[in-house]
Amino acid sequence: MKIILMGIITLLLSSIAFASELTIDQHIDQLLVPIADLFTSIIFYSVDVAGTQFPLIVMWLIIAAVIFTVYFGFLNIRGFSHSCKVIRGDFSNPDDPGEVSHFQALTTALSGTVGLGNIAGVAIAVSIGGPGATFWMIVAGFMGMSTKFLECTLGVKYRHINAQGQVHGGPMYYLKDGLAELGFKKLGKVLASFFAVCCVVASLCGSNMLQSNQAFQQFVIAMGNETSFWADKGWLFGSLLAVVIGVVIIGGIKSIAKVTEKVVPLMAGLYLSAALFVLAYHYTEIPHAVSLIINGAFNPTGVVGGIIGVMIQGFKRSTFSSEAGVGAASIAHATASTKEPVREGYVALLEPFIDTIVICTITALVIVITGAYQTTEGIDGVALTSRAFASVIWWFPYVLSVAVLMFAISTMISWAYYGSIAWGYLVGESKVLDLLYKVVFCMCTALGASVSLNAVIAISDSMFFSMAIANIIGLYLLAPQVKLDLKQYQKTYCPK
């Protein structure tokens with residue numbers, strides 16, 4: 001089946017080359033830019049706040065994160081130690097229902113979040129909002145830990161396990177079943193379907209295409225920029241990447257988990273080692289960089305929108321990095337082997353901490369400390385991060401190419417799984433329809449490498465954030481149930 005899938009992908013993608021007198025990349029870009037503009041105008045409808053356009057969807061996420069942090073008594077701090085114990089395996093039982101271990105569930109979810117949002121996304125935030133955007137990214141990541149706890153607890157609580165032991169979980173199921181228990185059956189069905197549709201589109205157009213796009217951009221940089229053979233061959237690079245993705249995702253969650261538990265630690269270690277080397281090289285300037293970040297958060301200069309504008313950029317990119325409030329990660333966490341939904345919620349606390357508070361902060365420090373953000377004309381996204389590293393390690397763009405490719409592949413295979421579960425919820429469990437989704441997913445991988453960054457970012461952000469609309473409504477309604485479960489769990493496993 002893998003050979004058939006790769007053959008279909010290669011045939012379909014190669015046929016695009018003869019569709020227009022324009023280059024393939026230009027043709028695809030012309031098609032997607034109008035769609036991107038339409039999505040952006042709807043999802044990011046903004047209101048004027050202190051002279052700055054504030055997207056309502058970002059406000060929706062900020063308010064929810066603050067409320068859940070307070071509602072659960074700052075569990076993002078109190079529960080950190082217990083989270084580490086669970087990951088270590090202190091409470092694991094091989095007889096518990098589920099498909100993967102707590103660690104595998106975490107790495108699968110992290111592979112969907114620790115991606116190019118931590119490299120390209122941070123560069124975008126700092127280049128637009130200045131160093132101060134980093135501070136608000138950290139704040140958003142900290143509060144997002146509580147949101148992630150809530151949605152991933154619900155993911156396990158309302159998951160479905162079929163006769164073959166396969167798990168289907170996530171917002172679709174806790175919105176439908178959880179709200180039905182509260183007497184909101186029709187509302188639950190509507191919200192669940194809305195989320196599933198948004199998740200499918202986001203998996204195809206957002207967290208897939210952006211990864212492919214930025215992986216290609218960094219690859220071209222490493223290969224010689226405009227003089228490279230690959231400079232106008234985004235479609236070819238994307239096609240090869242699509243074949244690799246197709247081979248992995250056919251195997252389902254167990255195959256994906258086996259890959260991510262190895263790739264995530266390796267890619268994070270590779271990237272962080274290089275980042276720490278740069279920071280060590282500039283260690284005398286770290287206090288000044290921290291000062292720029294803090295001062296820039298409250299007294300920004302040279303950026304559009306003042307404090308509100310900086311805050312918006314920080315929260316926006318942090319949400320794209322950690323996915324807290326979006327709900328997609330709960331699809332991966334639902335597969336964990338456990339009888340205690342709250343226990344997996346504790347595991348999920350670690351995600352925003354790792355991907356936003358640690359990795360994004362270190363990336364931002366590298367960009368700020370090297371001064372790369374001060375002149376951004378003609379470069380954006382991962383290219384800005386690459387330049388920051390190259391200022392200290394001339395050969396680092398080659399290493400970054402490998403890291404970015406690993407980030408991209410791991411993120412895409414996780415989102416292929418998320419999208420397939422949402423797709424299955426909408427159309428029913430069918431091997432043929434599941435294969436169809438995966439073929440389309442791989443084609444979008446190729447398309448993503450062929451469009452401009454602006455178009456990809458616009459579509460990616462729009463579809464990604466749209467999932468939070470339905471998800472957060474459900475979280476508000478179901479939070480009291482989780483709080484009762486948390487109290488019972490703490491009484492049993494976390495006695496004072």
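In the predicted model, one aromatic cluster is formed by Tyr 71, Phe 72, Phe 91, Phe 149, Tyr 346, Tyr 489 and Tyr 493. The charged end of Arg 343 is placed over the ring of Tyr 493, at 4.5 Å from the ring centre. Lys 483 lies over the face of Tyr 71, with a distance of 4.2 Å to the centre of that ring.

Across the structure, the count of aromatic pairs comes to 17. One of them joins Phe 80 and Phe 353 in an edge-to-face arrangement, with 4.9 Å from centre to centre and 70° between the planes. Because Phe 80 belongs to helix α5 (residues 80-88) and Phe 353 to helix α18 (residues 350-369), this pair ties together parts that are 273 residues apart in sequence. Phe 80 has a relative accessibility of 26% and therefore counts as partly exposed. Phe 353, with a relative accessible area of 28%, is likewise partly exposed.

An edge-to-face pair is also formed by Phe 91 and Tyr 493, whose ring centres are 6.0 Å apart and whose planes make an angle of 90°. This pair links distant parts of the chain, 402 residues apart: Phe 91 is in the loop between α5 and α6 (102-113), whereas Tyr 493 is in helix α22 (residues 453-493). The relative accessible area of Phe 91 is 22%, so this residue is partly exposed. Tyr 493 is partly exposed as well, at 31%. Tyr 493 thus takes part in the cluster, pairs with Phe 91 and carries the charged end of Arg 343 over its ring.

A search of the whole structure finds 2 cavities of 30 Å³ or more. The largest cavity has a volume of about 110 Å³. Its lining comprises 14 residues, and those nearest the centre of the cavity are Leu 61, Ala 65, Ala 140, Thr 319 and Ala 324. Helices α3 (56-71), α8 (132-157) and α15 (306-322) are the elements that contribute two or more residues to this lining. By class, the lining of the largest cavity consists of 8 nonpolar and 6 polar residues, with no charged residues.

Of its 496 residues, 58% count as buried. Among contacts between residues at least 6 apart in sequence, 83% join residues at least 24 apart.

Two further positions illustrate spatial relations across the sequence. Leu 447 is located in helix α21 (residues 431-448). With a relative accessibility of 26%, Leu 447 counts as partly exposed. The C-alpha atom of Leu 447 is separated by 9.8 Å from that of Phe 237, although these residues are 210 residues apart along the chain. Thr 284 is placed in the loop between α13 (252-281) and α14 (286-298). Thr 284 reaches 56% relative accessibility and so counts as exposed. A separation of 9.9 Å is found between the C-alpha atoms of Thr 284 and Ile 369, which are 85 residues apart along the chain.

Definitions and conventions. Residues are numbered from 1 along each chain as its sequence is written. This is a predicted model: local features need pLDDT of at least 70, side-chain atom pairs count only at pLDDT 80 or more; totals for chains, interfaces and linings use all residues. Side-chain values use heavy atoms; hydrogens and water are left out. Rings of Phe, Tyr and Trp (its six-membered ring) pair if their centres lie within 6.5 Å; planes under 30 degrees apart count as stacked, over 60 as edge-to-face and the rest as tilted. Helices (H or I, at least four residues) and strands (E, at least two) are DSSP runs, numbered from the N terminus. Buried means under 20% relative accessible area, exposed over 50%, partly exposed in between (1.4 Å probe, protein chains only). A charge sits over a ring if NZ of Lys or CZ of Arg is within 6 Å of the ring centre and within 35 degrees of the ring normal. On a 1 Å grid over the protein atoms alone, a cavity is a set of points where a 1.4 Å probe fits but cannot get out, and a pocket is an open set with protein on both sides within 12 Å along at least five of seven lines; lining residues have an atom within 4 Å of a point. Grid points are joined across faces, edges and corners, and a volume is the space filled by probe spheres set on the points. Ala, Val, Leu, Ile, Met, Phe, Trp, Tyr, Cys and Pro count as nonpolar, Asp, Glu, Lys and Arg as charged, and the others, Gly among them, as polar. Contact means heavy atoms within 4.5 Å.
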